[in-house]
Amino acid sequence: MRAFQRVVVLGSTGSIGESTLDVIARHPDRLAVYALSAYSRMERLAEQAQACRAAVVVVPDEAARKKFTAAWAGGQPMPEIRVGAQALADTAADPHCDSVMAAIVGAAGLPAALAAARSGKRVLLANKEALVAAGSLFMQAIRDNGAELLPIDSEHNAIFQCLPHGGRAQAPDAPAPGVRRLLLTASGGPFRGRDLEDLHDVTPAQACAHPNWSMGRKISVDSATMLNKGLEVIEAHWLFAMPADRIEVVVHPQSVVHSMVEYDDGSVLAQLGQPDMRTPIAYGLGFPERLESGVGPLDLTRLGRLDFEKPDLARFPCLALSFAALRAGQSACVALNAANEIAVDAFLGGRLAYTWIPRVIEASLEWQARQASVTLSSLDDVLALDAEARIFAGNLGLA
């Protein structure tokens, strides 16, 4: 049995964070929370910290600290409150913790995830941007510091389960032997069957109404555009050392087959399960053993059928743009991610039409291609390019 783990949950008030705390609470003999972080929901953070007796919480600024303190109900000692981005990275590297759930959405989660890797932690990676924006840097940090990397996205977790890994969570530098291709499944989101001409009038509420998964607003929009799947393609490239032409996306509306691995002998291994993130979270926390997650059994007889189809790139141009960015290189991936975050924020704020999200991304990729070549050899390099790309995307008439 693996030793007792003390866990830092970065982004604890989001859907991944809430599910992580649910799984941890089911295994008090094996898992405990050391620290939690949140950006805005201080009342919920205080509730979580009391329930799991966290030793540390990390908040973004002094105003958040005051809100957290005011929300504390008492009855037990208040946790240590750490403030700011550097405190977030320091907590991810804290010697008192063993594992870090990296679940902060967006580029804001990148420094802390990288700090966890450099400190040799078990990194449960639910933050896409660590690999999309800094894949080479992040994977090298995992290798150089003896860290463990467990993908938490349901698709990458499924692929990891279907690959030979010998009970070790390492960062490969070549594809697993005998593997022909990786097949990432996608639900198709809420607009899979909607008329293309109707998409221009899509509202944020409609885009966030995912048919299968309960997720935050930003990732729900990314799922609707399939940009989320494009980011997962880029992630899969880094996680499994797989070239772009050996990664495919298959639309699977039921979200029961989470992804597949095809081998040279024609075998295809698939991981199936309920659309509940507690399954990959429990797998990551317990690896190489399996923990009870609270997820109910899968009844295939009730499903009756499993459907698969090719993605419609006219309906989902963001997916094609993601493949193009991966083939163009790391700088293009940084621009893709930054532009998408700006565009989605504008859409959710009512400043941009849904169908303009891919236009902002495409314009940003064209802008990046015209720039002088840059070397992304450090986190500062990545963040500098990310900032420039955000400025460019933000100037495209989104206000």
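## Asn127

Is Asn127 buried or exposed? In this predicted model, Asn127 comes out as buried, because its relative accessible area is 1%, and the cut-off for buried is under 20%. As for where to look, Asn127 sits in the loop that links β6 (122-125) to α6 (129-132).

Setting aside residues up to four places away in sequence, Asn127 touches Ala102, Ile104, Val105, Gly106, Gly109, Leu110 and Glu235. Ile104 is worth a look here: its backbone oxygen is reached by the side chain of Asn127 at 2.5 Å.

## The annotated binding site

Asn127 also turns up in the UniProt record, where an unreviewed entry gives it the feature "binding site". The record lists Thr13, Gly14, Ser15, Ile16, Glu129 and Gly216 under that feature as well.

Take Gly14 from that list. You'll find Gly14 in the loop between β1 (5-10) and α1 (15-25). Gly14 counts as partly exposed, because its relative accessible area of 31% falls between the 20% and 50% cut-offs.

## Asp222 in helix α10

Over to Asp222, which belongs to helix α10, residues 217-225. With a relative accessible area of 2%, Asp222 is buried.

So what does the side chain of Asp222 make a polar contact with? The partner is the side chain of Asn340, at 3.0 Å. Asn340 also shows up in the contact list of Asp222, together with Leu227, Asn228 and Val344, once neighbours within four places in sequence are left aside.

Notes:
Residues are numbered from 1 along each chain as its sequence is written. This is a predicted model: local features need pLDDT of at least 70, side-chain atom pairs count only at pLDDT 80 or more; totals for chains, interfaces and linings use all residues. Side-chain values use heavy atoms; hydrogens and water are left out. UniProt positions are given in the numbering used here, feature names are shortened, and annotations may be inferred rather than shown by experiment. Helices (H or I, at least four residues) and strands (E, at least two) are DSSP runs, numbered from the N terminus. Buried means under 20% relative accessible area, exposed over 50%, partly exposed in between (1.4 Å probe, protein chains only). Contact means heavy atoms within 4.5 Å. A polar contact is a pair of N or O atoms within 3.5 Å; within protein, one must be able to donate a hydrogen and the other to accept it, and residues adjacent in sequence count only if both atoms are side-chain atoms.
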